[in-house]
Amino acid sequence: MKSRSIIAPAVAAALWTLPAQADAVAEFYKDKTITVISAGEAGGAHGTYAQVIAAHIKKHIPGNPNVIIQYMLGAGGNQAANYLYNVAPKDGTAIGLPLQDLIFNARIGVQAVKYDAAKTHYLGGADVTRTTVSVMKASGILSLDDARQKEVLMGSTGKSGQTYIIPVVLNAMLGTKFRPVIGYQGINFIHLAMERGELHGSAASWPTIAAAKKSWVEKGLIANLVTIAMEREPELPGVPALSEVVTKDEDRALIPLLAGSAALGRTWIAFGDIPSDRLAALREAWSKTMADSAFRADAAARGLALNPVSWEAQQDLTKQILATPDATVARLKDILGLD
């Protein structure tokens with residue numbers, strides 16, 4: 001009888017705790033607005049993912065808050081993360097949609113980084129964005145061998161982004177002649193310059209190109225030279241992965257660092273001491289959104305690939321990237337000319 005008298009109140013307390021927590025989260029978010037800070041522009045694939053997810057996730061968050069998007073480009077994607085870490089509220093009303101280089105840039109010591117990558121809270125990811133080097137066939141460049149013989153003009157948003165880093169690293173690894181042209185404000189501007197013939201190509205995620213430039217794919221206007229990964233892009237089975245074309249062990253050691261960020265390409269994050277019940281509610285809302293049939297139908301109608309990544313997997317990946325050996329990081333920084 002004594003044991004039953006102890007257990008019963010404990011069970012009752014547990015049963016009361018969950019509704020109380022849910023009610024507290026709902027009360028907090030009622031009539032509030034969550035601002036999603038996007039590092040990608042409104043008209044690109046990054047922005048489209050943000051718009052579709054924001055439209056559906058609100059109904060899965062207790063209190064049904066309004067969800068709006070603020071686009072904050074600059075510093076190779078780091079401006080948005082810096083704002084989220086240093087300025088934005090830390091109460092669960094400010095969420096980030098960074099570029100995939102978030103942890104990579106921190107590990108190699110990019111000067112524009114003003115956030116502590118180890119303190120990132122992930123909600124989850126919508127897709128795996130393996131970077132692929134793509135060029136317009138009109139340039140006459142159809143293979144890596146062609147890129148070793150002829151200069152290839154590659155659009156770039158800045159020195160801390162994949163659009164710059166990948167071409168420069170490939171030059172060092174493979175003897176290619178990619179020349180990044182810096183200063184474009186986003187992937188849409190790079191695509192426009194490619195169509196005009198001002199640029200030959202870019203290094204971007206294949207889902208970005210497939211969604212934003214479907215006509216290029218359908219008309220066979222682009223050649224994909226290599227995917228920056230240990231394995232081939234499932235949608236491009238005929239395109240070699242970087243692991244297949246490198247010849248030196250020291251180059252192979254760089255691939256996990258270069259390619260590891262792919263699973264962070266469509267992630268939502270937060271920083272700061274967000275109450276644990278709110279963070280848990282946001283993560284649950286993300287999970288429910290990814291499984292929501294209406295959301296998945298909307299994403300399919302927009303041509304958006306969905307390969308959800310759990311927040312736990314992203315936390316583990318972050319630890320792996322931040323644990324990259326110093327010697328590997330030093331070599332990459334030397335290739336990129338970083339101090």
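The chat below walks through a predicted model, from its overall build to a few single residues.

Colleague: What should I know about the numbering and the atoms used?
Modeller: Residues are numbered from 1 along each chain as its sequence is written, and side-chain values use heavy atoms, with hydrogens and water left out. Since this is a predicted model, local features need pLDDT of at least 70 and side-chain atom pairs count only at pLDDT 80 or more, while totals for chains, interfaces and linings use all residues.

Colleague: How many helices and strands are there in the protein?
Modeller: The protein has 16 helices and 10 strands, where helices (H or I, at least four residues) and strands (E, at least two) are DSSP runs numbered from the N terminus.

Colleague: How much of it counts as buried?
Modeller: Of the 339 residues, 52% are buried, meaning under 20% relative accessible area, with exposed over 50% and partly exposed in between (1.4 Å probe, protein chains only).

Colleague: Which residues have the most contacts inside the largest nonpolar core?
Modeller: They are Val133, Leu170, Leu225, Leu242, Leu258 and Leu332, in a core of 56 residues; such a core is a set of buried Ala, Val, Leu, Ile, Met, Phe, Trp, Tyr and Cys residues joined through side-chain atoms within 4.5 Å. Helix H6 (residues 162–174) supplies the largest share of this core, eight residues. A second, separate core has 31 residues, including Tyr49, Ile61, Ala299 and Leu306.

Colleague: Back to H6, how far does it reach from its first C-alpha to its last?
Modeller: H6 reaches 17 Å over its 13 residues, close to the 18 Å expected at 1.5 Å a residue, where the expected span is 1.5 Å times one less than the number of residues. Because 11 of those 13 residues are buried, H6 is largely enclosed by the rest of the structure. Among the buried ones are Ile166, Leu170 and Leu174, and just after the helix Gly175 takes a positive phi of about 75°.

Colleague: What does Val133 touch, leaving aside its neighbours within four places in sequence?
Modeller: With contact meaning heavy atoms within 4.5 Å, the partners of Val133 include Met154, Ile166, Leu170, Phe178 and Leu225.

Colleague: Changing topic, how do S1 and S2 run?
Modeller: Strand S1 (residues 33–38) and strand S2 (residues 66–71) run parallel and are joined by six bridges, pairing being called when DSSP finds at least two bridges between strands. Ser38 has Tyr71 as its bridge partner in S2.

Colleague: Now Glu233, is that buried or exposed?
Modeller: Glu233 is buried, with a relative accessible area of 4%, and is found in the loop between strand S9 (222–227) and helix H10 (242–245). Apart from neighbours within four places in sequence, Glu233 is in contact with Arg130, Trp206 and Thr227.

Colleague: And where does Thr129 lie?
Modeller: Thr129 is in the loop between strand S4 (121–125) and strand S5 (131–136), and counts as buried at 1% relative accessibility. Not counting residues up to four places away in sequence, Thr129 touches Gln100, Ser205, Ala262, Gly265 and Arg266.
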